[in-house]
Amino acid sequence: MSDEDILELLEDTLCSENAPPLTDSVVDAFLAAPVEASQASVDRMRARFVERLLADLHQEPVKGVEDQPFGRWIEAERRRALLTEGDIANAIGKEPLYVEHLETGATYPWNLNPGDIAKLIRLFRIHISAVAQLISCSFNLSRTRLAGDVIGRAHGGHATKERGDSVKRALDLYMAKNAKKQEPSGELTAWLAEVRDRLKDQGAVDLLD
Amino acid sequence: MDEINDAKFLQQLQAGDQVAYKLLFNRIFPKLCAFISRFGVNDQDAEEITVDTMLKVHKAVRTFDPDGGAKLTTWIFEIAKNKVIDYKRRPAPPELRSLDSERDLKDEQALQQDDGLSPNPNILRLRRALDSLGPEDQDILRTRQVMSYEEIAEVTNASVGALRVRHNRAVNRLKKAFEEEKNG
């Protein structure tokens with residue numbers, strides 16, 4: 001048997017289910033070598049990872065959502081999937097601050113591009129009926145938030161940023177459940193219709209049925 | 001990569017710490033994809049297998065036992081290697097099969113031989129032969145599968161010439177052990 005034959009058989013063996021497990025020394029050597037995929041490839045993989053992870057989490061379009069603002073719902077689901085704001089931002093081609101502002105309510109969804117919001121909705125697989133419910137909740141909350149901020153400051157005292165965020169999140173959820181239901185404005189209805197169109201353009205028909 | 005294999009880091013990871021996950025993924029994604037490419041997988045499929053691997057890691061890292069004998073990084077690379085093996089065992093798409101019926105037939109035969117029920121006897125012999133070698137021989141043979149001599153030289157500070165000699169000796173010992181296995 002020639003060297004080539006034995007090396008070919010070795011390659012077949014190491015690529016078969018009969019291959020011995022990898023050892024720390026082989027993996028350590030590879031990790032120490034200056035070889036790695038390009039940044040563009042890493043970004044693509046991260047986006048695909050987030051997409052597949054969330055698709056796995058929501059195999060069916062999400063229809064049942066509690067009364068909570070759109071951004072807070074996104075935040076809760078992101079945390080449940082152990083993802084960072086940066087992961088979500090990368091998956092929809094935005095900066096982490098975009099996601100942070102949306103989640104905390106510093107920016108309202110209807111002030112953002114419907115196409116970008118459609119990408120986010122598609123990523124989290126939220127059915128349009130649930131989107132309407134979450135957006136309506138955000139809208140009601142936006143009308144009562146000013147009063148909430150006053151209450152928050154009164155209870156927060158010298159809160160740290162972390163505690164401040166937690167208090168704000170709890171207040172948002174409390175107010176979302178108790179906020180007076182208001183009729184969405186014509187502008188908001190038109191924005192939602194545009195989101196629906198963008199979802200259709202992006203081929204997310206299962207979120208529109 | 002030392003911090004990835006640190007016990008405290010593993011605890012954070014197993015507790016579902018997002019920052020720990022971020023660090024793990026930032027460090028592992030680029031290396032893992034490069035590793036998978038070394039098995040002759042095209043770039044696009046290598047990316048998909050890397051994502052598959054990391055999804056499995058995401059799901060199963062809570063069950064990883066640091067006392068199980070391998071580092072976390074080795075455990076992750078082993079998952080990747082098994083994904084590559086699954087990928088290689090997949091039958092080719094029908095449109096590719098029809099292009100080369102002779103190769104198609106060979107692939108079918110190879111699949112039948114390696115379907116897990118009737119493994120290729122030479123592969124089993126070689127596996128036993130490999131196991132019978134010393135750890136240094138096994139290391140150089142396996143490392144060479146995924147790294148060039150130049151890359152190994154850079155990591156180990158050994159010269160390329162010395163590595164070639166070491167590899168040749170290991171191949172000769174493997175051949176001998178294989179022949180012994182073959183002759184009973």
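Which residues line the second largest cavity? In this predicted model, the lining is made up of Arg46(A), Phe49(A), Leu82(A), Leu83(A), Thr84(A), Asp87(A), Gln18(B), Tyr21(B), Lys22(B), Phe25(B) and His58(B).

**View 1. The second largest cavity and its lining.** By class, its lining comprises five nonpolar, three polar and three charged residues.

**View 2. Helices that contribute to the lining of the second largest cavity.** At least two lining residues are supplied by each of α3 of chain A and α2 (18-37) of chain B. The greatest contribution is that of α2(B), with four residues.

**View 3. The interface of chain A and chain B.** Contacts involve 50 residues of chain A and 63 residues of chain B. The area buried between the two chains is about 5,500 Å², with 66% given by carbon and sulfur atoms.

**View 4. A salt bridge between Lys59(B) and Asp56(A).** The side chains of these residues meet at 3.3 Å, N to O. The count of salt bridges between chain A and chain B is seven. Across this interface, 22 residue pairs are in polar contact, both residues being at pLDDT 80 or more.

**View 5. The side of chain A that touches chain B.** Here α1 (3-14), α2 (24-32), α3 (39-57) and α4 (70-80) of chain A each supply at least two residues. Of the residues on this side, ten come from α3(A), which gives the most. The composition of this side is 28 nonpolar, eight polar and 14 charged residues.

Definitions and conventions: Residues are numbered from 1 along each chain as its sequence is written. Chains are lettered from A and ligands numbered from 1 in the order in which they are written. This is a predicted model: local features need pLDDT of at least 70, side-chain atom pairs count only at pLDDT 80 or more; totals for chains, interfaces and linings use all residues. Side-chain values use heavy atoms; hydrogens and water are left out. Contact means heavy atoms within 4.5 Å. Buried area is the accessible area (1.4 Å probe) that two parts lose on being put together, summed over both. A salt bridge is a side-chain nitrogen of Lys or Arg within 4 Å of a carboxyl oxygen of Asp or Glu. A polar contact is a pair of N or O atoms within 3.5 Å; within protein, one must be able to donate a hydrogen and the other to accept it, and residues adjacent in sequence count only if both atoms are side-chain atoms. Ala, Val, Leu, Ile, Met, Phe, Trp, Tyr, Cys and Pro count as nonpolar, Asp, Glu, Lys and Arg as charged, and the others, Gly among them, as polar. On a 1 Å grid over the protein atoms alone, a cavity is a set of points where a 1.4 Å probe fits but cannot get out, and a pocket is an open set with protein on both sides within 12 Å along at least five of seven lines; lining residues have an atom within 4 Å of a point.
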